[in-house]
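Dear colleague,

I am passing on the structure below, followed by some notes on what was found in it. Please read the notes with the model open beside you.

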Amino acid sequence: MSHRGRQSEKYVVSWLLVFAALGLLVSSSFFVLPTVQAQSSRTRSSAIELFLDVYSIASATYVDSVADTELIEAAITGMLEDLDPNSVLLTPEEFENLRIQLEGSFEGIGVTIGQRDGWLTIISPIEGTPAHRIGVRGGDRVVEIDGQTTFDMTTQEAVSILRGPRGTEVTITVVRPGLGDSLHFDIVRDVIDYPSVSASFLIDGDIGYLRLSRFAEESCDEVVRDIRDLQSQGAASLILDLRNNSGGLFTPAIEIADLFLPAGALVVTTRGNAVGEHSYETSRGVLFRGDLVVLVNGGSASSSEILAGALQDHGAATIVGTRTFGKGSVQSLSDLGDYSGLGHYAVKLTTARYYTPSGRGIDRTLLDDFMEPGAEAEWGIEPDIVIEETSIDVELVADLEYGGYFFGFASEYTTENPDLDEAFWPDESVISAFRGFLSENGFEWREESFDEALPYIERALLREIALRIWSMDTYYRILAPQDEYVQRALELLGHGSQAAPDPEAALESSPAPL
């Protein structure tokens, strides 16, 4: 028997994951992928043989102990990274988180949690959930879950405990800044909705504002619901905010474009070696006929760019902001299933590039030279109205964010000032208190950098304070008068002459029911 025939059987389970990854073009949530011409069996067999030899040697003789799963995940990750930045292996934890984002719901208590100084900490409760209703607040330090200490517990470990079937109970013990005694909450789990629309309200009487945070299965239904609600309140124009919306599912972008474009309008074309070329058009007719301004920035990517590009190319909206990210590729999600002893894995693989109705290809992530000077001229969606962003000390802002200083100050401030009204803004007295908080915690800064970053600091403090006491609608409503993007959109809509034309003004037919 050859030395290959004598490999330990303990590797067999891990090998199955490798084989699945090598043959992952079998199904997709976005495309039905055609059969791909396979390599010759001799070439494929030799390649797999090479991999298994190296894997076996590393597993058996490496200087430190390495788990089989770590080696396999690292190998597959390396293989996909060599293709492009967007093709990735999803571990069981990552796949579950992605599923929740795309489906828009899960069963649990309804909190966003993170790590602060080794302890689990509530970032914010999700409005209307069991945790929110019972009184859990942002800034609460979770010290026990069902009697088990959470010190050095990972976020993922905590998530696995806090999530559970609807109707079951979990007890958390929290320490709240400003209170001497710990608090105990017995929380009954429920279905937690994770909405795509994070804010929707009227500005200046007849202008609606709608913030779309991601593209998920229910996104179009949410947008339709909120547009109709805004129309019932008198909205004649709309600001659609896609800033920092990094995308999500492909299909909702087409469905939402269908709300603003006439039937038969081209939204996007995809092209890929395995999937061929496909064009996607609208079919239902215009739901909203008023003037439309779309807000974008460097965090707007993927499905956000599909939607913004289609509306721009058809003249259905005025795009305001900064150049978008430039992720003009489509990933197919292949569910690999469960592997005994390892968990449930999936693969996201880039299978196509997409092109706007005018034929623009905006992707930068698949270009070898995307970091070279001047290459950005070909990236993303260029706005019709460009907002010039002021320069700030990125290192200062990063230290404040990742060090949890905005979070920590807001926790203390809202404990001392629980009854803030909607006229609140982080004024000089709040900024002065924040400076004192930073000094007490040993944080050092240059005054010049602090002053340059002051607009960012004000908004960050408002964000963290608002998350503890108000709804997201209230937060964005308070922010709007200080938001340069929103103010520029209001100028356009107020004057009217620069707003986009109705793309279906000449059509007499009524829009189809949604």
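**Helix packing and confidence**

Helix α14 passes α15 in a right-handed crossing (a crossing is right-handed if the near helix is turned clockwise from the far one by less than a right angle, and left-handed if anticlockwise). The model is a predicted one, in which local features need pLDDT of at least 70 and side-chain atom pairs count only at pLDDT 80 or more, while totals for chains, interfaces and linings use all residues. Residues are numbered from 1 along each chain as its sequence is written, and side-chain values use heavy atoms, with hydrogens and water left out.

The axes of α14 and α15 (residues 472-479) lie 9 Å apart, and the two helices pack at an angle of about 155 degrees (axes are lines fitted to C-alpha atoms, for helices over the stretch in contact, and angles run from 0 to 180 degrees between N-to-C directions). That makes α14 roughly antiparallel to α15, since angles under 35 degrees count as roughly parallel, over 145 as roughly antiparallel, 65 to 115 as roughly perpendicular and the rest as oblique. On the α14 side the contact (heavy atoms within 4.5 Å) is made by Arg459, Leu462, Arg463, Ala466 and Leu467, and on the α15 side by Met472, Tyr475, Ile478 and Leu479.

Helix α11 (residues 405-416) also meets α14, with axes that come within 9 Å and cross at roughly 50 degrees, and the two are therefore oblique to each other. This crossing of α11 and α14 is right-handed. Among the residues that meet there are Phe406, Phe409 and Tyr413 in α11, and Tyr456, Ile457 and Leu461 in α14.

Ala453 counts as buried because its relative accessibility is 0% (buried means under 20% relative accessible area, exposed over 50%, partly exposed in between, with a 1.4 Å probe and protein chains only). Not counting residues up to four places away in sequence, Ala453 touches Ile392, Leu396 and Val397, and its C-alpha atom is separated by 6.7 Å from that of Asp393, 60 residues apart along the chain.

As to confidence, the mean pLDDT (the predictor's confidence in each residue, from 0 to 100) of the chain is 82, and 84% of its residues reach 70 or more. Over residues 1-38 the pLDDT is below 50, and it stays under 50 over residues 495-514 as well. Where pLDDT is low, the predicted coordinates should not be read in detail.

Technical notes: Helix = DSSP H or I, 4+ residues; strand = E, 2+ residues; numbered from the N terminus.
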